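Subject: Structure handover

Hello,

Here is the structure you asked about. My notes on what was found in it follow below.

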Amino acid sequence: MRRSPLSRVPGVAGRAGDWDAATAGVVLARLGPRPQPPLSFFTPAEEAAAEALLDHLLARTPEDPPVPVLSVIDARLSTGQGDGWRYADLPEDDETWRRSLAALDEDARLRHSGRAFAALDHGDQDRLLHHIKQLGPGDWYGMPASHVWTLWTRYATAAYYAHPYAWDEIGFGGPAYPQGYLRLGRGLREPWEEPR
């Protein structure tokens, strides 16, 4: 079998030569480099709070590969692409995002001399998020804290783990199309997978 020049590219993207054109196009488009479109759902204040929140939820640092999580979430919310369900005690996802980011900023201002969540140092942000998580099903600005937490993490992980850099991080070999997956048992590798 003749290998594509892409097979020398590290990570999942190196397998693009094995995929059909549609699959390769979708996956490689996620890698950039391309400027992200301006956000259309989040306001600048919401953007700042959401970016800081997502950095904590995903334990991201400036050294990590760029995964446009906020842009993906913004696009979903601006086009109404929810998960098809919601908790009965929360409003629709777009409204919950707006209310929860405003609440995050308000909570930060009350606890930290009027500073918004994004303006807090990492430790103060972490403590505030820990407090929200510890509330469990308790009320947080008129919403069950655990349900808000679930919304945040659901959107964050869906956006992050749709990206090839995240696949590399967790050892997922990416799409197996058109050949499909052959080895379905635990601990078995596909013929194209390399040992870790």
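A residue is called buried here when its relative accessible area is under 20%, exposed when that area is over 50%, and partly exposed in between. Please keep in mind that this is a predicted model.

Aromatic residues

Across the whole structure, the search finds nine aromatic pairs. One of them is Phe41 with Phe42, which counts as edge-to-face because the ring centres are 5.2 Å apart and the planes stand at 80 degrees. Phe41 and Phe42 are both buried by the cut-off above. Trp97 and Tyr155 make another edge-to-face pair, with 5.8 Å from centre to centre and 80 degrees between the planes. This pair links distant parts of the chain: Trp97 belongs to helix α4 (residues 93–111) and Tyr155 to helix α6 (residues 145–160), 58 residues apart. Trp97 and Tyr155 are buried too. Phe41, Phe42, Trp97 and Tyr155 together form one aromatic cluster.

Two arginines lie over aromatic rings. Arg98 is over the face of Phe41, 3.8 Å from the ring centre. Arg154 is over the face of Trp85, at 4.4 Å from the ring centre.

Helix α3 and the residue after it

Helix α3 (residues 69–78) is largely enclosed by the rest of the structure, because seven of its 10 residues are buried. The buried ones are Val69, Leu70, Ser71, Ile73, Asp74, Arg76 and Leu77. Their cover includes α2 (44–57), α4 and α6. Gly80 follows α3 and has a positive phi, near 70 degrees.

Gln36, in the loop between α1 (21–29) and α2, is in contact with Pro68 and Ser71, leaving aside neighbours within four places in sequence. Gln36 has a relative accessibility of 36%, so it counts as partly exposed. Between the C-alpha atoms of Gln36 and Asp93, which are 57 residues apart along the chain, the separation is 23 Å.

Most residues other than glycine have a negative phi. Ala59, in the loop between α2 and α3, has a positive phi of about 50 degrees although it is not a glycine. Its relative accessible area is 59%, so Ala59 is exposed. Ser113 likewise is not a glycine and has a positive phi of about 50 degrees. Ser113 sits in the loop between α4 and α5 and is exposed, with a relative accessible area of 76%.

Helix α5

Asp124 is part of helix α5 (residues 122–134). With a relative accessible area of 13%, Asp124 is buried. Not counting residues up to four places away in sequence, Asp124 touches His112 and Arg115.

Surface

Which residues make the nonpolar surface patch of about 520 Å²? They are Tyr161, Ile170, Phe172, Tyr181 and Leu184. Leu184 lies in the segment after α7 (164–170). At 73% relative accessibility, Leu184 counts as exposed.

Regards

Notes. Residues are numbered from 1 along each chain as its sequence is written. This is a predicted model: local features need pLDDT of at least 70, side-chain atom pairs count only at pLDDT 80 or more; totals for chains, interfaces and linings use all residues. Side-chain values use heavy atoms; hydrogens and water are left out. Patches are made of residues with over 30% relative accessible area and no salt bridge: like charges are joined within 9 Å, nonpolar side chains (Val, Leu, Ile, Met, Phe, Trp, Tyr) within 5 Å. Accessible areas come from the Shrake-Rupley method with a 1.4 Å probe; for residues, only the protein chains shown count as cover. A salt bridge is a side-chain nitrogen of Lys or Arg within 4 Å of a carboxyl oxygen of Asp or Glu. Helices (H or I, at least four residues) and strands (E, at least two) are DSSP runs, numbered from the N terminus. Buried means under 20% relative accessible area, exposed over 50%, partly exposed in between (1.4 Å probe, protein chains only). Rings of Phe, Tyr and Trp (its six-membered ring) pair if their centres lie within 6.5 Å; planes under 30 degrees apart count as stacked, over 60 as edge-to-face and the rest as tilted. A charge sits over a ring if NZ of Lys or CZ of Arg is within 6 Å of the ring centre and within 35 degrees of the ring normal. Contact means heavy atoms within 4.5 Å.
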